[in-house]
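Subject: Structure handover

Hello,

Here is the structure I said I would pass on. My notes on what was found in it follow below.

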Amino acid sequence: MYMKILIVDDAAFMRMTLRKMLEEFGHEVIGEAVDGNDAVEKYKELKPDLVTMDITMPNKDGITATKEIKQYDPNAKVLISSAMGQESMVKEAIIAGAVDFIVKPINPQRMMNAVAKAGKS
């Protein structure tokens, strides 16, 4: 299922890696954001089908941004990715409304499965 995706990560290398991975899976990356504030603004502007959201970012973290996006659009689909795979972070991400949580470094097959799952939810 084709999706329009917004990538949110403060690391340019990670955004580039995710863009390449998602485009190889046949999806369109319609925007990139560098922090949580940027993510909320771009979500409202671009109305993506899916957001890939880093947790640890300057200005506003991914959990707070996810809550704000879900408040704005309860049907928003946010996929959290972070190098911090602690159980508490995973729980916090899911409570915030994330559809899934992927630990970095991101396994392409795991990402493809998570995007497919998000597309069905």
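In which strand is the place of Asp-54? Asp-54 sits in strand β3; strands (E, at least two residues) and helices (H or I, at least four) are DSSP runs numbered from the N terminus.

Before the rest, some ground rules. The model is predicted, so local features need pLDDT of at least 70 and side-chain atom pairs count only at pLDDT 80 or more, while totals for chains, interfaces and linings use all residues. Residues are numbered from 1 along each chain as its sequence is written, and side-chain values use heavy atoms, with hydrogens and water left out.

The sheet

An open sheet is formed by 5 strands in the order β2-β1-β3-β4-β5, and the pairing is parallel. Two strands pair if DSSP finds at least two bridges between them. β2 (28-33) and β5 (100-103) are at the edges with a single partner strand each, so one side of each has no neighbour in the sheet. From one strand to the next, the twist averages 20°. Axes here are lines fitted to C-alpha atoms, for helices over the stretch in contact, and angles run from 0 to 180 degrees between N-to-C directions.

Further in, β3 (residues 50-54) and β4 (residues 78-82) pair in the parallel sense over 4 bridges. Thr-52 has Leu-79 in β4 as its bridge partner.

In a regular strand the side chains alternate between the two faces of the sheet. In β4 both faces are covered: Val-78, Ile-80 and Ser-82 are buried on one side, and Leu-79 and Ser-81 are buried on the other. Buried means under 20% relative accessible area, exposed over 50%, and partly exposed in between (1.4 Å probe, protein chains only).

Helices on the sheet

Helix α1 (residues 12-24) lies across β1 (4-8), β2 and β3, and runs at about 165° to β2. Helix α2 (residues 36-46) also packs on the sheet, where it touches β1, β2 and β3, and its direction makes about 145° with that of β2.

Nonpolar cores

A nonpolar core is a set of buried Ala, Val, Leu, Ile, Met, Phe, Trp, Tyr and Cys residues joined through side-chain atoms within 4.5 Å. The largest one has 21 residues, and Val-8, Val-51, Met-53, Ile-69 and Ile-80 have the most contacts inside it. Two or more residues come from each of β1, α2, β3, α3 (62-72), β4 and α4 (87-96). There is a second, separate core of 16 residues, which includes Leu-22, Val-29, Ile-102 and Ala-114.

Setting aside neighbours within four places in sequence, Val-8 is in contact (heavy atoms within 4.5 Å) with residues including Ala-33, Ala-39, Val-51, Met-53 and Met-57.

Asp-54 and Lys-104

At 5% relative accessibility, Asp-54 is buried. Lys-104 is in the loop between β5 and α5 (108-120) and is buried as well, with a relative accessible area of 17%. Their side chains are joined by a polar contact of 3.1 Å. A polar contact is a pair of N or O atoms within 3.5 Å; within protein, one must be able to donate a hydrogen and the other to accept it, and residues adjacent in sequence count only if both atoms are side-chain atoms.

Not counting residues up to four places away in sequence, Asp-54 also touches Val-8, Asp-9, Asp-10, Gly-62, Ser-81 and Ser-82. With the neighbours within four places left aside, the contacts of Lys-104 include Asp-9, Met-14, Ser-81, Ser-82 and Ala-83.

Ile-106 is in the loop between β5 and α5 and is buried, with a relative accessible area of 11%. Beyond its neighbours within four places in sequence, Ile-106 is in contact with Met-14, Leu-18, Met-21, Ser-81 and Met-111.

The aromatic pair

The whole structure holds 1 aromatic pair. Rings of Phe, Tyr and Trp (its six-membered ring) pair if their centres lie within 6.5 Å; planes under 30 degrees apart count as stacked, over 60 as edge-to-face and the rest as tilted. Tyr-43 and Tyr-72 have ring centres 6.2 Å apart and planes at 85°, so the pair is edge-to-face. Tyr-43 is in helix α2 and Tyr-72 in helix α3, so the pair ties together parts 29 residues apart in sequence. Tyr-43 is buried at 3% relative accessible area, whereas Tyr-72 is partly exposed at 40%.

Regards
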